[in-house]
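We will go stop by stop.

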Amino acid sequence: MAGLKSLLKKGLGLGDMGFNAGGGAINWFPGHMAAATRAIRHRLKLSDLVIEVRDARIPLSSANSDLQPYLSGKRRVVALNKKDLANPNIMHKWVDYFARCKQDCIPINAHSKSSVKKLVELAELKLKEVISREPTLLVMVVGVPNVGKSALINSIHQIAQSRFPVQEKMKRAAVGPLPGVTQDIAGFKIAQKPSIYVLDTPGVLVPSISDIETGLRLALAGSVKDSVVGEERIAQYLLAVLDTRGTPLHWKHLNNRRIDGIEYDAEEKPDYSLKNLKPKTRNLPNKSHLIYVEDLVMEVQRALYSTLTEFDGNVEDENDLEGLIDLQFGALQKAMKIPHKASEARLMVSKKFLTLFRAGKLGPFILDDVPVS
């Protein structure tokens with residue numbers, strides 16, 4: 001993937017981005033994160049168990065390296081959330097990797113009750129020896145922004161309500177599509193006899209990230225606001241990853257009828273926006289909406305498949321790869337039916353493309369390099 005590495009520094013113009021607090025081209029480390037990091041470190045000393053939530057698509061990139069020294073001596077469970085968006089054929093390799101690192105690790109979907117139950121059972125097993133001698137236990141949930149900490153806590157609440165008597169109505173954690181929704185550290189009582197409290201914490205990033213690709217992986221997964229890095233930059237990175245891995249070439253084998261052009265007829269012309277694919281959708285999409293999304297995904301996959309198969313350059317060459325990406329932006333603009341003369345066409349393409357990826361419509365991915373056994 002030499003072409004991707006070179007393009008990150010030159011073709012995409014990311015070499016001087018500067019993932020630093022107060023430095024570079026972006027404000028990567030908001031002021032509230034410094035205070036939150038100090039508060040988290042203090043409370044970690046009091047916790048009996050830490051659930052470190054990471055994004056299953058970026059198991060290494062989504063770790064907060066500054067907190068690792070404070071977590072190394074604690075009872076800890078690494079929860080790889082959003083497993084439904086990650087490649088299941090590779091996930092077991094990551095579980096094996098963490099086992100070799102002497103870390104308990106479990107892939108989860110924070111919105112699945114059965115999935116979270118397995119995490120709760122593992123946490124209880126880790127706390128078993130402490131429960132016998134402590135009347136009050138503290139479980140702390142930590143992680144970078146937008147890995148699903150608050151969604152996980154809400155699911156734990158639902159499980160606790162069905163299993164344990166509680167003295168007071170439990171609060172629910174705020175959940176939203178944007179990183180940094182949780183701005184303070186709040187405690188939630190989930191059980192008594194023994195009393196077990198769960199602390200939800202704000203997502204915090206490290207002040208400086210020396211590896212540009214790690215920063216872009218975090219941006220692609222939504223751990224920072226798109227506007228901070230720029231949607232177009234993130235979309236360029238995603239296209240570069242897909243191209244260097246040859247991912248669009250596999251789409252033909254997954255669903256021939258999409259690539260070959262079999263159309264679907266909607267019952268009515270849908271009044272639908274891709275915003276409805278984002279978290280916190282209130283109304284379930286109807287059949288026409290689903291057909292609209294399926295058709296859009298079909299056109300996007302066909303556009304990327306066609307441009308890559310017709311490409312006669314070398315994706316390992318930064319200049320060739322950059323040219324391919326430019327062609328793909330044009331093909332995506334046509335596939336998404338964005339007006340040719342639109343002044344912000346490229347930005348509109350980027351936003352729609354990222355929405356499809358983050359909703360899992362382009363398939364399951366793991367962006368971090370798979371660890372060697």
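Start with the cartoon view of this predicted model. The protein has 14 helices and 8 strands.

Now show the whole chain as a surface. The accessible area is about 18,100 Å². Carbon and sulfur atoms hold 50% of that area. Of the 373 residues, 52% are buried. Turn to contacts with a separation of 6 or more: 73% of them join residues 24 or more positions apart.

**Stop 1: the largest nonpolar core.** Select Leu-152, Val-300, Leu-332 and Phe-353. In this core of 91 residues, these four touch the most other members. Next, color residues 231-245. This is helix H9, which gives the most to the core, with 8 residues. Then color domain 1 (1-14 + 210-258 + 286-372) and domain 2 (29-198). Each of them supplies at least three residues to the core.

**Stop 2: Leu-152.** Which residues does Leu-152 touch, leaving out those up to four places away in sequence? Select Ile-51, Val-53, Ile-108, Ala-110, Val-116 and Leu-119 to see them.

**Stop 3: Pro-107.** Select residues 104-107 to show strand E4, where Pro-107 is found. Is Pro-107 buried or partly exposed? Its relative accessibility is 21%, so Pro-107 counts as partly exposed; buried would mean under 20%. Pro-107 and Leu-80 are 27 residues apart along the chain, yet their C-alpha atoms are separated by 4.4 Å. Beyond residues up to four places away in sequence, Pro-107 touches Leu-80, Lys-83, Met-91, Val-95 and Ser-115.

Definitions and conventions: Residues are numbered from 1 along each chain as its sequence is written. This is a predicted model: local features need pLDDT of at least 70, side-chain atom pairs count only at pLDDT 80 or more; totals for chains, interfaces and linings use all residues. Side-chain values use heavy atoms; hydrogens and water are left out. A nonpolar core is a set of buried Ala, Val, Leu, Ile, Met, Phe, Trp, Tyr and Cys residues joined through side-chain atoms within 4.5 Å. Buried means under 20% relative accessible area, exposed over 50%, partly exposed in between (1.4 Å probe, protein chains only). Helices (H or I, at least four residues) and strands (E, at least two) are DSSP runs, numbered from the N terminus. Domain bounds come from an automatic or database domain assignment. Contact means heavy atoms within 4.5 Å. Accessible areas come from the Shrake-Rupley method with a 1.4 Å probe; for residues, only the protein chains shown count as cover.
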